Protein chains: 2
Amino acid sequence: MDEVLADPIHKFIQLYNRDYGIPLDLIIEPGNEVYHHMPEHINNKWFEYINEKGFFRDLRLIEGSVEAVKKLQEHHDVYIVSAATEFRNSLEDKLDWLADHFPFITWRNIMFCGDKIVDVDVMIDDRAKNFIGFKGRKLLFSSPHNLLLKEYERVDTWEQVLEKLL
Amino acid sequence: MDEVLADPIHKFIQLYNRDYGIPLDLIIEPGNEVYHHMPEHINNKWFEYINEKGFFRDLRLIEGSVEAVKKLQEHHDVYIVSAATEFRNSLEDKLDWLADHFPFITWRNIMFCGDKIVDVDVMIDDRAKNFIGFKGRKLLFSSPHNLLLKEYERVDTWEQVLEKLL
């Protein structure tokens with residue numbers, strides 16, 4: 001979900017802006033996480049934000065995600081598999097957010113997990129760690145933190161996902 | 001989780017007892033679900049109960065489950081995979097219940113899903129529908145509703161699971 005369907009980075013920057021005046025047009029440099037751009041005394045604050053109820057409830061959509069998932073669903077079984085069990089307060093928010101934006105994905109096709117031990121043919125993910133042990137085709141969805149990785153098949157946009165999978 | 005680690009049937013009977021005087025020592029007959037033993041005008045009530053916050057928070061443990069999972073974990077990667085996304089209000093309760101009773105299972109090894117599309121070697125489940133499409137070894141954990149099924153390797157207790165898997 002995060003950085004593939006939903007945009008937590010924008011939300012982090014909004015919260016850092018609200019609380020510490022971090023500029024809203026902050027660009028996260030390739031290979032960096034949002035906290036690499038924060039002063040040291042507040043660079044752990046993201047972990048508090050992400051654990052708050054509501055953090056995941058109003059995230060912006062990643063461009064083109066709704067339309068692309070809808071199109072993929074015409075030809076494939078699409079599952080939304082989110083590493084969410086680390087964050088107790090994210091579970092209801094994520095389910096509600098999906099109901100708002102992806103109402104065509106039913107509860108049967110939603111999975112909140114830790115390790116992504118799924119038996120599927122293709123995994124689209126921004127975190128390379130989720131590809132460990134996965135035997136299918138791996139599509140690394142571009143996000144600032146992964147831009148320096150060279151060893152994966154990469155997709156920069158949902159348009160590129162559709163080009164590859166349809 | 002349900003009917004394998006946790007006991008929702010006992011809770012259903014408690015609630016039906018509280019609201020309608022259904023006897024607490026009700027035995028569910030082989031092949032039946034709890035609602036097959038309720039008068040027609042209240043046999044859908046279970047669906048309201050299960051959707052209430054708190055339903056899953058205080059379920060009794062299935063006998064021997066904690067000790068058995070702990071022992072299995074010494075030799076295997078154990079994942080708890082629960083069909084939970086159908087019930088929004090169950091998610092936090094299930095995570096909290098697991099933290100209480102199975103604190104040795106971390107968030108990485110917990111999965112709340114719809115379809116159980118997991119890439120694992122062995123699945124222990126009371127619902128035969130969850131075995132559809134699963135290529136590994138299937139252990140049907142006995143529960144009243146599945147007692148008439150003949151076509152699966154069956155385990156009646158957690159002791160039997162350990163005998164088979166250790």
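Which residues in α3(A) meet which residues in α5(A)? I noted first that this is a predicted model. On the α3(A) side I listed Ser65(A), Ala68(A), Val69(A), Lys71(A) and Leu72(A). Across from them, in α5(A), I found Trp158(A), Val161(A), Leu162(A) and Leu165(A). By class, I get seven nonpolar, one polar and one charged residues for this contact of α3(A) with α5(A).

**Entry: geometry of that pair.** I looked up the helix limits: α3 of chain A covers residues 65-73, and α5 of chain A covers residues 158-165. Their axes are 9 Å apart and the packing angle is about 15°. Angles under 35 degrees count as roughly parallel, so I put α3(A) down as roughly parallel to α5(A). The handedness of the crossing of α3(A) and α5(A) came out left-handed.

**Entry: chain B, α3 and α5.** I repeated the look-up here. Helix α3 (residues 65-73) of chain B and helix α5 (residues 158-165) of chain B have axes that come within 9 Å and cross at roughly 15°. I therefore wrote down α3(B) and α5(B) as roughly parallel to each other. Their crossing is left-handed. From α3(B), the contact uses Ser65(B), Ala68(B), Val69(B), Lys71(B) and Leu72(B); from α5(B), it uses Trp158(B), Val161(B), Leu162(B) and Leu165(B). I sorted the residues of this contact of α3(B) with α5(B) into seven nonpolar, one polar and one charged.

**Entry: the two copies.** How is chain B laid on chain A? I see a turn of 180° with a shift of 0.0 Å along the axis, and the RMSD is 0.0 Å. The two copies are thus related as by a two-fold rotation axis. I also checked the interface: 100% of the interface residues of chain B are interface residues in chain A as well, so the copies meet through the same surface.

**Entry: α4 against α4.** Next I went to a helix pair between the chains. Helix α4 of chain A and helix α4 of chain B, each spanning residues 90-101, pack at about 155° with their axes 8 Å apart. Over 145 degrees counts as roughly antiparallel, so α4(A) is roughly antiparallel to α4(B). I noted a right-handed crossing for α4(A) and α4(B). Leu91(A), Glu92(A) and Leu95(A) of α4(A) make the contact with Leu91(B), Glu92(B) and Leu95(B) of α4(B). I class the residues in this contact of α4(A) with α4(B) as four nonpolar, no polar and two charged.

Entry: Where does UniProt place the feature "active site"? The record, an unreviewed entry, puts this feature at Asp2(A). I located Asp2(A) in the segment before β1 (6-7) of chain A. Leaving out residues up to four places away in sequence, I found Asp2(A) touching Pro8(A), Phe56(A), Leu59(A), Lys94(A) and Asp126(A).

Notes: Residues are numbered from 1 along each chain as its sequence is written. Chains are lettered from A and ligands numbered from 1 in the order in which they are written. This is a predicted model: local features need pLDDT of at least 70, side-chain atom pairs count only at pLDDT 80 or more; totals for chains, interfaces and linings use all residues. Side-chain values use heavy atoms; hydrogens and water are left out. Copies are superposed by least squares on the C-alpha atoms of residues with pLDDT of at least 70 in both. Contact means heavy atoms within 4.5 Å. Axes are lines fitted to C-alpha atoms, for helices over the stretch in contact, and angles run from 0 to 180 degrees between N-to-C directions. Helices (H or I, at least four residues) and strands (E, at least two) are DSSP runs, numbered from the N terminus. Angles under 35 degrees count as roughly parallel, over 145 as roughly antiparallel, 65 to 115 as roughly perpendicular and the rest as oblique. A crossing is left-handed if the near helix is turned anticlockwise from the far one by less than a right angle, and right-handed if clockwise. Ala, Val, Leu, Ile, Met, Phe, Trp, Tyr, Cys and Pro count as nonpolar, Asp, Glu, Lys and Arg as charged, and the others, Gly among them, as polar. UniProt positions are given in the numbering used here, feature names are shortened, and annotations may be inferred rather than shown by experiment.
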